[in-house]
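Please find my notes on this model below.

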Amino acid sequence: VDMIEETIDMDVLLDIAQSAPELEFDSREYDDFIRKYYDYYKGKRIGLARDRAFSFYYTGDLDLLHNLGAKIVEFSPLVDKHLPENLDSIYIGGGFPEVFGQQLAENIEFKNSLRDYLESGGKCYGECGGFMYLSESITNLDGSTNEMVGFFPIKCEMTKRLQRFGYIELEMEINGQKYNTRAHEFHHSHIVEPSDELTFKYQIKKYRDEKLIREWECGLEKKNTIAGYPHIYLLSNLELMTKLL
């Protein structure tokens with residue numbers, strides 16, 4: 001608090017905030033979606049990876065799942081030995097698996113439990129840290145390598161420089177239908193020598209001042225699991241959420 005008061009003119013900041021116009025929000029689309037899918041999600045058990053290694057989720061996304069009547073079942077890849085039972089889908093969000101790489105690697109029982117679920121066709125969506133956790137391994141800047149779940153045939157490597165940063169427009173195709181959504185990327189890692197046999201799931205575009213400045217591919221799909229580096233804001237495409245979770 002002392003540092004904020006020393007470096008920021010709080011009076012000016014408050015004046016700016018108070019002068020901002022009220023934001024208008026039309027909740028009809030949101031409310032209609034909840035009515036449409038409430039029976040579909042009511043009582044569904046959605047597993048949520050949540051501990052020190054996986055901690056980034058948009059609150060609005062989780063609120064939406066709660067409002068749809070889903071039951072969020074939290075688990076910890078760091079300390080739990082098995083997945084919770086009777087899950088309908090899994091959400092593995094962002095975080096810092098590289099920081100807790102050794103502990104994640106040593107929790108072999110949990111990795112086996114998760115891999116068995118995925119290989120048997122269990123539904124899962126992962127993003128950024130969750131995507132890295134589903135890879136074969138993560139190599140840190142000091143050269144140490146920790147074995148991850150090994151579901152996707154890729155290896156991740158930490159980098160000194162930021163690889164991707166900022167808001168993006170993302171398109172993915174599921175069962176022949178294309179979905180567009182907003183997302184963001186922020187990560188200091190990349191896939192090491194991706195195989196030519198890999199087919200990336202996401203088509204990504206980055207704009208600045210409404211001008212397209214960059215395009216790239218990311219994201220993988222295997223069985224009923226979809227994962228990639230982008231953090232998707234599920235509320236920006238509600239129909240897409242039903243395909244991921």
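**Notes on helix α3 and the overall fold**

1. Helix α3 bends by about 35° at R35; the bend is the angle between axes fitted to the seven residues ending there and the seven starting there. Helices (H or I, at least four residues) and strands (E, at least two) are DSSP runs, numbered from the N terminus.

2. This is a predicted model: local features need pLDDT of at least 70, side-chain atom pairs count only at pLDDT 80 or more, and totals for chains, interfaces and linings use all residues. Residues are numbered from 1 along each chain as its sequence is written, and side-chain values use heavy atoms, with hydrogens and water left out.

3. The 14 residues of α3 (residues 28–41) should span 20 Å at 1.5 Å a residue, and the end C-alpha atoms are 19 Å apart, which agrees. The expected span is 1.5 Å times one less than the number of residues.

4. Y30, F33, I34, Y37 and Y41 of α3 are buried (under 20% relative accessible area, 1.4 Å probe, protein chains only). Their cover includes β1 (45–49), α4 (59–67) and α8 (238–244). Just after the helix, G43 has a positive phi of about 85°.

5. The protein as a whole has 8 helices and 17 strands. Buried residues make up 45% of its 245 residues.

6. Among contacts (heavy atoms within 4.5 Å) between residues at least 6 apart in sequence, 70% join residues at least 24 apart. The C-alpha atoms fill a box of roughly 55 × 50 × 40 Å along the principal axes.

Technical notes. Buried < 20%, exposed > 50% of the residue type's maximum accessible area, 1.4 Å probe, protein only.
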